[in-house]
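Please read it alongside the model.

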Amino acid sequence: MLRARIIATGSYVPDRVVTNRDLEKTIDTTDEWITERTGIRERRIAAASQASSDLAFEAAQRALKQAHLKPKDIDLVIVATCTPDMAFPSTACFLQDRLGIKHSGAFDINAACSGFVYGLHLASSLIRTEAHKRILLVGAEVLSRVTDWEDRTPCVLFGDGAGAVIIEGTKEKRGIISTHIQADGGLSELIMLPGGGTRTPCSKDMLLKRLQYIKMKGNETFKVAVRTLEELAARTIHDNGLDPSQLSLLIPHQANLRIIQATAKRLNLPEEKVFVNIEKYGNTSAASIPIALDEAVHAGRVKDGDHILLEAFGGGLTWASALLRW
Ligand code: ACO
């Protein structure tokens with residue numbers, strides 16, 4: 001049986017660090033509130049010259065280098081993003097061009113913060129059916145451009161970054177064991193970026209209402225996230241005939257430390273089995289899991305044969321999980 005397997009990872013975050021103390025100077029907030037409520041201490045912000053494809057390019061190059069592969073070895077480029085360079089061409093097309101890949105397909109997917117795990121679901125199917133041989137999947141976001149720096153609740157949460165993986169087929173008993181994706185479009189109003197699309201096109205009125213920025217009902221989103229992620233993580237483990245104690249590492253989407261802790265508690269996982277880097281980067285949406293996975297690999301926290309659970313939650317609402325055997 002052919003399985004899809006992540007053979008290399010790479011990540012990139014912009015150089016500029018904005019700390020909670022920096023935010024205290026511009027909005028009515030405190031380092032203490034942000035740290036206690038979210039676990040975030042600082043985030044990275046892209047330079048004015050950097051768009052999502054530029055961050056994706058850096059992460060992709062690092063993954064290619066780790067795999068000892070050339071761009072020509074890739075036959076499909078997928079970018080998960082809710083902050084594309086522009087509506088079209090896709091961010092994946094810009095990335096493909098920067099990498100010098102000539103003979104591949106390239107497209108974006110958007111499931112907000114769940115985008116990378118949705119991408120794994122898709123890429124895994126495309127590899128298993130042998131539609132593609134080797135896929136570059138990148139989660140890349142420049143959320144700082146769609147963050148209202150005058151709205152104190154969302155603006156403390158988000159950061160910029162990119163993470164990349166290369167996926168190919170294997171006949172070994174390892175790789176992407178299972179993926180689950182889910183959505184509830186009935187809860188779309190909990191987190192959205194309403195302006196600039198075909199529903200509310202860009203206009204002076206739209207800008208005055210600040211609809212070009214993320215609008216979020218944080219507390220309601222929080223409650224749905226805790227409920228759905230606890231349930232999804234437990235179901236993913238159970239459906240694969242495993243017990244939570246057999247998990248080596250949980251790599252959750254980094255949206256809020258309290259959401260991460262709630263899932264870990266439900267699975268009875270000790271702290272050392274949960275990967276957390278939210279304090280450094282905040283919520284980087286579709287980039288958060290591939291950045292965390294890359295850091296976990298480089299920190300030696302991922303070993304051959306380990307069972308690793310990835311889980312994400314985001315706008316849509318969407319949520320998703322992937323169980324890996326490394
Ligand atoms: N600084 C200080 N005080 C603040 C701030 C701030 N930055 N933001 C809000 N407050 C205040 C509120 O005004 C409120 O004050 P009040 O009690 O006097 O009315 C109080 O803090 C509590 O506000 P809540 O919104 O209830 O705070 P909560 O504990 O829910 O934390 C947060 C807010 C951090 C946004 C949390 O709800 C959360 O993380 N939600 C989930 C977000 C998420 O998971 N998003 C994932 C999807 S993102 C995507 O798809 C792109």
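Four helices each supply at least two residues of the shell around the ligand: helix 2 (31–38), helix 6 (152–155), helix 8 (218–239) and helix 9 (257–266). Helices here are DSSP runs of H or I with at least four residues, strands are runs of E with at least two, and both are numbered from the N terminus. Helix 8 gives the most, with 4 residues.

The model is predicted: local features need pLDDT of at least 70, side-chain atom pairs count only at pLDDT 80 or more, and totals for chains, interfaces and linings use all residues. Residues are numbered from 1 along each chain as its sequence is written, and side-chain values use heavy atoms, with hydrogens and water left out.

**The ligand shell**

The ligand is surrounded by 24 residues, and the closest are Thr29, Arg37, Cys113, Asn219 and Asn256. A residue counts as near if one of its heavy atoms lies within 4 Å. By class, the shell holds 10 nonpolar, 10 polar and 4 charged residues. Nonpolar means Ala, Val, Leu, Ile, Met, Phe, Trp, Tyr, Cys and Pro; charged means Asp, Glu, Lys and Arg; the others, Gly among them, are polar. Domain 1 (3–173) and domain 2 (177–325) each contribute at least three shell residues. The domain bounds come from an automatic or database domain assignment.

| Side chain | Ligand atom | Distance |
|---|---|---|
| Threonine 29 | nitrogen | 2.6 Å |
| Threonine 153 | nitrogen | 2.9 Å |
| Asparagine 256 | oxygen | 2.7 Å |

Taken alone, the ligand exposes 1000 Å², and the protein buries 76% of that (Shrake-Rupley method, 1.4 Å probe).

Two strands pair if DSSP finds at least two bridges between them. Strand 4 (residues 76–80) and strand 6 (residues 134–142) run parallel, joined by 5 bridges. Isoleucine 78 has leucine 137 in strand 6 as its bridge partner.

The other open sheet has 4 strands in the order 8-13-12-11, and its pairing is also mixed. Strand 8 (175–183) and strand 11 (249–252) are its edge strands, each pairing on one side only. Strand 11 pairs with strand 12 (residues 307–314) in the parallel sense over 4 bridges. Here leucine 249 stands opposite isoleucine 308 in strand 12.

Conventions:
A polar contact is a pair of N or O atoms within 3.5 Å; within protein, one must be able to donate a hydrogen and the other to accept it, and residues adjacent in sequence count only if both atoms are side-chain atoms.
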